[in-house]
Structure formats: structure tokens, C-alpha cells
Amino acid sequence: MVKPVTVSIDVPQARERVYDFLDVMANHEPFTNHLLRDWELSGPERGVGSKARVSVRAMGVTDTVDIEVVSAQAPERIVERNVAEKAGRTAEGTYTLQALPGGGTRISFEYRWITAPLADRLTAPLARAFIRRTNEKAMRRLAEQLPAVDH
């Protein structure tokens, strides 16, 4: 199995504010639309059961990915299950929010393969590097989006 990829960023906002922002599925589009496009939302606006269907073009392949929040523990963790239609990939993305001693929040995002297609297993170093780069960019973009929610 392909090893998980974790990226983190520290932001000045309180953990509860960050959680409230991430808990709304629609808020994910502006910081992930460099990779995930054509968002279609369904289910509840926030929390377990909120869903998005997105288009992805990654490493020369276009696919449709269904994302669903499968677990949420305010204000510390949100787990999303994602299924790539063509690739046959099932993965989980987990946001973990840790309050920092001096204030602010460390946001960690772990991408973990549950079902890895042969292509992912054969190109594991490339796949992991690609996921790391795109998720680091998403974390930087998330940090830019957060000031609007911290009044």
C-alpha cells in the first residue's frame, strides 16, 4: 500500500474558527480548485454527510471524484472519504486541528490510500510527491482564505 502523505501549516486563527470554516464543504472549493474543479455539492451544507462531486486532472489523467465527510469531531478532526471513479482509488483525507501554545492553530491534512490502483502502487514515489505538492499548495491557499472568517 502507498504510504500516507501529511502536510501542515500554522495559522493565527483559533481552532474553533478554523473548524467552523472547514466544516462547510463549499469552503473547500476556493483553496482546492487548482486541482479539484467543477464542484457539485449535495447533502447537508456542513458536517457528516456533506458531499461534493469534482473533476480532477492529475498526472495526465482526468477523473471524477466523489468526496463525502464520514466523520467529524468538533473542533479537532474532519475525515473525508473520496472515491475516484475511473482510477478505482478510495482514499481518506483527514484534517486535524491542534491549538498552538501561543495561540493559533496547526492544520494538518493527511491523505491516506484505502484502495490503491496498480498505477498508484507502481508510481508510489511520483504519486506521493504529486499529492504532497498539491496539498501543500492547498494549505497555503487555505491560510489565505481564513482571515475572512476570523472577525
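Trainee: How many residues has the largest nonpolar core?
Mentor: It has 39 residues. Keep in mind that this is a predicted model.

Trainee: Which residues have the most contacts inside that core?
Mentor: L22, V54, Y95, I107, W113, M139 and L142.

Trainee: And where does the largest share of the core come from?
Mentor: From helix 4, residues 124–145. That helix supplies seven core residues.

Trainee: New topic: strand 6. How many of its residues are buried?
Mentor: Eight of 11, so by the under 20% relative accessible area cut-off strand 6, residues 89–99, is mostly covered.

Trainee: How many bridges join strand 5 to strand 6?
Mentor: Eight, and the two strands run antiparallel. Strand 5 covers residues 77–84. A84 has R89 as its bridge partner in strand 6.

Trainee: What sits between strand 5 and strand 6 in that hairpin?
Mentor: Four residues. Look at G88 in the turn: its phi is positive, about 75°.

Trainee: And the other partner, strand 7: how many bridges join strand 6 to it?
Mentor: There are 10, again with an antiparallel run. Strand 7 spans residues 105–115. T115 in strand 7 stands opposite T90.

Trainee: Which turn residue has a positive phi in the hairpin of strand 6 and strand 7?
Mentor: G103, at about 100°. Five residues lie between those strands.

Conventions:
Residues numbered from 1 in each chain as written. Predicted model: local features only at pLDDT ≥ 70, side-chain atom pairs only at ≥ 80, totals over all residues. Heavy atoms only, no water. Core = buried A, V, L, I, M, F, W, Y, C linked by side-chain atoms within 4.5 Å. Buried < 20%, exposed > 50% of the residue type's maximum accessible area, 1.4 Å probe, protein only. Pairing = 2+ DSSP bridges.
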